[in-house]
Amino acid sequence: MGLDVDLFVSDKDGLSEFVCSICLDVSRPPVVFPCEAEHVFCADCVRNVKECPSDRQPRGKNAPTPLKGAFLRTYNNLKLKCPNECDGWTGFIGDLDSHLSSWCRLSVAVCPHEGCGLKTTREDMDTHVRICDYRIVACPHCEDIMIQASLADHVSSICLSALVECPSGGASCPRLPRNQVNQHVAMDHAEVPCSWADFGCTHRCPRGQLEAHETDNRALAQHMRLVQGPLRSLRNAAALLPQGHTLDDMLSDMVQTYTSARRNESVSSPSNKTTTFSVTTPPLNNNTNNSKNADNNAPSSVATVTTPPLSDASSSSSCSVRIIKSLRDISELKSISHVPTQFIFDKEGELTEAHVISLVQHCSQLQHVKISRCYKLTDASIIPLTQHCSHLQHVNLSGCRNLTDASIISLAQHCPQLQHVRISLCSNLTDASIICLAQHCPQLQHVNLSRY
């Protein structure tokens, strides 16, 4: 289809030789038909024509050809107005394509975004491109690249970095990245006992509410009543100590005396005798300065430690029972003469890799290990423990959330005597850990995977 003759401002007589006799418009794009008169037509109008529309002369095997030479220069110098009548543009026909494709604000353009295909005027296209649903955008949370139409679904259900509401705490909890919600629920909303449970408090609540309970006035009063008895006993025992000694020194002396007695007993006459150590404390007096004048008939407090009969299995000092429950106990491992078999430690976050390495170096006979809620520990701590302590039977690693399958696999491979394993709240573990325990631990009786 050509251009309307009325658009041209050039001499109308000069247009006649370029007018297509089929559509009666100025030919665009013009081609010369292979006839003797070389008539000019629109390329689309004569695409499938077999003879010249003007003189009926067959074209034969030749095809129409584009304008050339002076004929083409004459055609390109024809002047016309913009077909879209934009801003009064007038120019040469040779410049029309450039004007329509780049400058004419009323020409039709196609949206450049893949998949859109919208056609509109160029002056409206700039606005459309900025709001097109097929434009490429980055997720504001994880910076993944996608089209605008997919962004809302991505943020609402897929993006791991998008902030979401806690399903357990709702508005009372801070909004968290989606990939941290499960860990938050397992840690802050898991039901835990009060930290005063060792003294008799039976309260249990979600971890996030524990601080509120422990700072509540009624709970504080209850806790104070619970520790009154143990505090009285400590004061009575402290009154017996020589100057400069502590209760820990007293207990350590008792254990050393007990160990020596059993060693001597096993050498001299191993029998079924029972060994008893007693510590007698004076009655608590309101005025400690007048304790010497207290009534001789006042009752005394007696603390007794009774040891079981010595058997063949326990005759060696290397099997003496010692329970390690504090960081101080670990620091004293170098000075003790007997090997501990139990390690119990559940003070949240205090135990580090250095403590475990020290434990491994001096406690190869460990059978019971409890290091729950020690979230600073990693595989670098637990793997050496499992490799050097092959007699482990009871292991509690609950709440050590940085451990992976590597620790449990090493435990299963090096400790075939395992009977009880607790690995609850270890969110990085997979089925590989359970399979390895089943394959390598024939004596295994119990595995705790609660909230695993």
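Helix 12 (405–414) and helix 13 (431–440) pack at an angle of about 0°, with their axes 8 Å apart. The model is predicted: local features need pLDDT of at least 70, side-chain atom pairs count only at pLDDT 80 or more, and totals for chains, interfaces and linings use all residues. Residues are numbered from 1 along each chain as its sequence is written, and side-chain values use heavy atoms, with hydrogens and water left out. The chain holds 13 helices and 21 strands, these being DSSP runs numbered from the N terminus (helices H or I, at least four residues; strands E, at least two).

**Helix packing**

- Helix 12 and helix 13 are therefore roughly parallel to each other; angles under 35 degrees count as roughly parallel, over 145 as roughly antiparallel, 65 to 115 as roughly perpendicular and the rest as oblique.
- Axes are lines fitted to C-alpha atoms, for helices over the stretch in contact, and angles run from 0 to 180 degrees between N-to-C directions.
- Asp405, Ile408, Ile409, Ala412 and Gln413 of helix 12 meet Ala432, Ser433, Cys436, Leu437 and His440 of helix 13, where contact means heavy atoms within 4.5 Å.
- The contact of helix 12 with helix 13 comprises six nonpolar, three polar and one charged residues; Ala, Val, Leu, Ile, Met, Phe, Trp, Tyr, Cys and Pro count as nonpolar, Asp, Glu, Lys and Arg as charged, and the others, Gly among them, as polar.
- Helix 10 and helix 11 pack at an angle of about 10°, and their axes are 9 Å apart, which makes helix 10 roughly parallel to helix 11.
- On the helix 10 side, Glu353, Val356, Ile357, Leu359 and Val360 meet Ala380, Ser381, Pro384, Leu385 and His388 of helix 11.
- Seven nonpolar, two polar and one charged residues make up the contact of helix 10 with helix 11.

**Nonpolar cores and burial**

- Of the 452 residues of the chain, 33% count as buried, meaning under 20% relative accessible area, with exposed over 50% and partly exposed in between (1.4 Å probe, protein chains only).
- A nonpolar core is a set of buried Ala, Val, Leu, Ile, Met, Phe, Trp, Tyr and Cys residues joined through side-chain atoms within 4.5 Å.
- The largest such core has 30 residues, of which Leu366, Ile371, Leu385, Leu392, Leu397 and Leu418 touch the most other members.
- Helix 10 (353–362), helix 11 (379–388), helix 12 and helix 13 each supply at least two residues of this core.
- Leaving aside neighbours within four places in sequence, Leu397 contacts Ile371, Ile382, Leu403, Ile408, Arg422, Ile423 and Cys426.
- A second, separate core of 14 residues includes Leu3, Leu15, Leu67 and Leu78.
- In helix 5 (residues 181–188), the buried residues are Val181, His184, Val185, Ala186 and Met187; their cover includes strand 10 (163–164), strand 11 (176–177) and helix 6 (207–215).

- Three strands form an open sheet in the order 2-1-3, with antiparallel pairing; two strands pair if DSSP finds at least two bridges between them.
- Strand 2 (40–42) and strand 3 (65–66) are the edge strands, each pairing on one side only.
- Strand 1 (residues 30–32) pairs with strand 3 in the antiparallel sense over two bridges, and Val31 stands opposite Pro66 in strand 3.

- Gly115 lies in the loop between strand 6 (108–110) and strand 7 (119–121) and counts as exposed, at 56% relative accessibility.
- The C-alpha atoms of Gly115 and Asp133, 18 residues apart along the chain, are separated by 9.6 Å.
- Among contacts between residues at least 6 apart in sequence, 47% join residues at least 24 apart.
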